[in-house]
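Colleague: I have a model open and would like to learn how to read its features. Please give me the general idea each time, then the case here.

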Amino acid sequence: MTSSRVLVLASASPARLGLLQQAGFAPRVLVSGVDEDAISAPTPAELARVLAEAKAGTVAGGGQLEGGELVIGCDSVLELDGEALGKPADQAEAAARWKAMRGRTGVLRTGHCLIDTATGRQVSETASTTVRFGTPDDEEIAAYVATGEPLSLAGAFSIDGRSAPFIDGVDGDPGNVIGLSLPLLRRQLAELGVRITDLWA
C-alpha cells in the first residue's frame, strides 16, 4: 500500500537513512542545521531528547515542507560515568575516549521526536541501549582513529562500521545504537494515529 503521507528525516546521518530504507521507507531528508553545542540539559537522556526535538521542530517549521508530512528528528549521545559524549572534536579526543571506554559498558541514548505537521501533534522519547565495549589495544585504537570514522559518530564508535569488532555486544535495541529505534518509531506513529506499514514505500 502506498501512503499519501511523507516521512521526513531531520538528520544528515547516513546510518539513520539506511535503517529507514532497509525497513521499507523512502524518507525525504532535510537537515536541520541545529547548533548542537548551544543546547544543554540536566542528563544525557534529556539532552538526546531535547536535541531531537530541536532538529524535528526546526525542520517542521522551516518552511520547506508542503504540508502533512511526518517529521522524525533523532540525536544520539553516549552516557559514560554520567556524562554525555557526542562526536569527538579531533583524533586525540577520539583515542582518549576509546582508551576510557574499553572493557567497560556505556549507555547509548537516542532521542526521537516525531511531529505530525498535519495536526501539529508531537511525541518525544529517548531510547536507551547498553553497549559492552571490548578491549582493543593501543595500536588497534590508533589504527581505528586514523580512519577518521569515529569523528562523525556519537561516542566515537559504531556497531556497523570499522569499530564493530571492538564491541562485545549490546543489551537492547541495536538499531538504537546505529541511530534510530524502529520499534520506538512504530509506537510513536501509533500514538499519532499512523500505522507504520502504511508508510512503506
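Modeller: We can begin with the salt bridge, which is a side-chain nitrogen of Lys or Arg within 4 Å of a carboxyl oxygen of Asp or Glu. By this rule the structure has nine salt bridges. This is a predicted model, in which local features need pLDDT of at least 70 and side-chain atom pairs count only at pLDDT 80 or more, while totals for chains, interfaces and linings use all residues. Residues are numbered from 1 along each chain as its sequence is written, and side-chain values use heavy atoms, with hydrogens and water left out.

Colleague: Which residue forms a salt bridge with arginine 5?

Modeller: In general, side chains of opposite charge can pair when their charged atoms come close. Here the partner of arginine 5 is aspartate 116, with 2.6 Å between the closest N and O atoms. Helices (H or I, at least four residues) and strands (E, at least two) are DSSP runs, numbered from the N terminus.

Colleague: Is aspartate 116 buried or exposed?

Modeller: Buried means under 20% relative accessible area, exposed means over 50%, and partly exposed is in between (1.4 Å probe, protein chains only). Aspartate 116 is buried, at 3% relative accessibility, and arginine 5 is partly exposed, at 25%.

Colleague: Where do arginine 49 and glutamate 53 lie?

Modeller: An α-helix has 3.6 residues a turn, so residues three or four places apart point the same way. Both arginine 49 and glutamate 53 are in helix H2 (residues 44-60), four residues apart, which is about one turn of the helix. Their side chains form a salt bridge at 3.1 Å, N to O.

Colleague: How does the salt bridge between arginine 104 and aspartate 81 look?

Modeller: The closest N and O atoms of that pair are 2.5 Å apart. The pair links distant parts of the chain, 23 residues apart: arginine 104 is in the loop between helix H3 (91-101) and S5, and aspartate 81 is in the loop between strand S3 (70-80) and strand S4 (83-85). Arginine 104 is partly exposed, at 31% relative accessibility, whereas aspartate 81 is exposed, at 65%. Elsewhere, a network of salt bridges links Glu36, Lys55 and Asp75.

Colleague: Which residues of helix H6 are buried?

Modeller: In H6 (residues 182-191), the buried residues are Leu184, Leu185, Gln188 and Leu189. Seen down the axis of H6, they fall within an arc of 135° (taken from the directions from the helix axis to the C-beta atoms), so they line one face of the helix. Among the elements that cover them are helix H1 (14-22), S3, S5 and strand S6 (121-133).

Colleague: What does glutamine 188 contact?

Modeller: Contact means heavy atoms within 4.5 Å. Leaving aside neighbours within four places in sequence, glutamine 188 is in contact with Ile72, His112, Leu114, Val123, Ser124 and Glu125. Its relative accessibility is 2%.

Colleague: How many disulfides does the structure hold?

Modeller: A disulfide is a pair of cysteine sulfur atoms within 2.5 Å. The structure holds zero. The sulfur of cysteine 74 is 9.0 Å from the closest cysteine sulfur, in cysteine 113, too far for a bond. Cysteine 74 is buried, at 0% relative accessibility, and cysteine 113 is buried at 0% too.

Colleague: Which residues touch the most other members of the largest nonpolar core?

Modeller: A nonpolar core is a set of buried Ala, Val, Leu, Ile, Met, Phe, Trp, Tyr and Cys residues joined through side-chain atoms within 4.5 Å. Leu78, Trp98, Val131, Phe133 and Phe157 touch the most other members among the 19 residues of the largest core. S3, H3, S6 and helix H4 (138-146) each supply at least two residues of this core, and the largest share, four residues, comes from H3. Tryptophan 98 touches residues including Phe133, Ile141, Tyr144 and Phe157. A second, separate core has 17 residues, among them Leu19, Leu70, Leu180 and Leu192.
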